[in-house]
Amino acid sequence: MKFFRLFALLLFLASPLEAQDWEFGLYHQRVAKSDSLGNDLGSINNYIDTWAKVHGRTGVWGFAYQEKGYASLVGGLYYDFTNWFELGLGAGYETMSGVEKKGERYAAFLLLFSGRTCTLEAYYERGRVVANPWHQADLLCRPVDGIALGIFSQRFVGTGPRIVLTLTDKIPLQLWLSPFMYDNETKASSKALGVQLVFRDKR
C-alpha cells in the first residue's frame, strides 16, 4: 500500500542511527458504539506512532492512521523544554477513498509528566479533506509493574476509564480496555478494546 511505503520512507529519512532514544509502536483499536436509536457507530482503526531523539532535547516524530476509506500521515519535530514538558508540531497528508479527496493535514502534541509514575499526553490533528479536528488525550498512571490505569479520551469514541495490561516481559505486547466511554457529541456510550506492540530503546 502506497500509504505505508511512504511512511516507511519517512522513518528511514527522519530517524538517524545514532539516536539516543527512540520508540516505535503499532496499534490496533476496535470500538463498539451505537446511538440512542440503535444505529451502529462502531469502528476499527490501525495506527503507527514513532519518535526518535536527534540531538540534545530535539527529535523527530511521525504518526500514521488508517481506517476504512481513510488514511493520514503526519510528521515533524518536537522539543523537550524540561524533563516533564514536551511539545511537537508537524504536517502531512491525508486521503479519503470513494470521493478521491486528498490534501494537507496538520498536527500537534503535548506531553506532560513524561518518565514519572503518571503521564499526560494530548494530540490534535486537523486537515483539509476532513475539516473537523481529531483529538486524543490520555492520562495514564502505573501503580505497579504490568498494570496501568487512567482516563482516555478520543474524538468520535468518547471519554472514560482505561486499563492497560502488559502481557509479557519478553515481548512489548499490551492489551487495553475502556469498558465505558461516553461521547458528548453523539450522546452515545461505547466500549473500546486495543492491542499494541511498542518497542523502545533508552541507552
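These questions and answers set computed values of a predicted model against their definitions.

Residues are numbered from 1 along each chain as its sequence is written. In this predicted model, local features need pLDDT of at least 70, side-chain atom pairs count only at pLDDT 80 or more, totals for chains, interfaces and linings use all residues, and side-chain values use heavy atoms, with hydrogens and water left out.

Q: Why is Glu125 called buried?
A: Buried means under 20% relative accessible area, exposed means over 50%, and partly exposed is in between (1.4 Å probe, protein chains only). Glu125 has 2% relative accessibility, so Glu125 counts as buried. Its place is in strand S7, residues 118–127. Strands (E, at least two residues) and helices (H or I, at least four) are DSSP runs, numbered from the N terminus.

Q: What makes the Glu125 and Tyr123 pair a polar contact?
A: A polar contact is a pair of N or O atoms within 3.5 Å; within protein, one must be able to donate a hydrogen and the other to accept it, and residues adjacent in sequence count only if both atoms are side-chain atoms. The side chains of Glu125 and Tyr123 are joined at 2.6 Å.

Q: Why is the pairing of Lys53 with Asp21 called a salt bridge?
A: A salt bridge needs a side-chain nitrogen of Lys or Arg within 4 Å of a carboxyl oxygen of Asp or Glu. The closest N and O atoms of Lys53 and Asp21 are 3.5 Å apart, and the pair forms a salt bridge. Lys53 lies in strand S2 (residues 43–55) and Asp21 in strand S1 (residues 21–33), so the pair ties together parts 32 residues apart in sequence. Both residues, Lys53 and Asp21, are buried.

Q: What makes Glu94 and Arg105 a salt bridge?
A: Their side chains meet at 2.8 Å, N to O. Glu94 is in strand S5 (residues 85–96) and Arg105 in strand S6 (residues 101–112), eleven residues apart. Both Glu94 and Arg105 are buried.

Q: How do you know whether Arg128 is buried or exposed?
A: Its relative accessible area is 62%, so Arg128 is exposed. Arg128 forms a salt bridge with Glu104 (3.2 Å, N to O). Arg128 sits in the loop between S7 and strand S8 (134–144), and Glu104 in strand S6, 24 residues away.

Q: Why is Glu104 called partly exposed?
A: Glu104 has 33% relative accessibility, so Glu104 counts as partly exposed.

Q: What makes Glu94, Arg105 and Glu125 one network?
A: Salt bridges that share partners join these residues.
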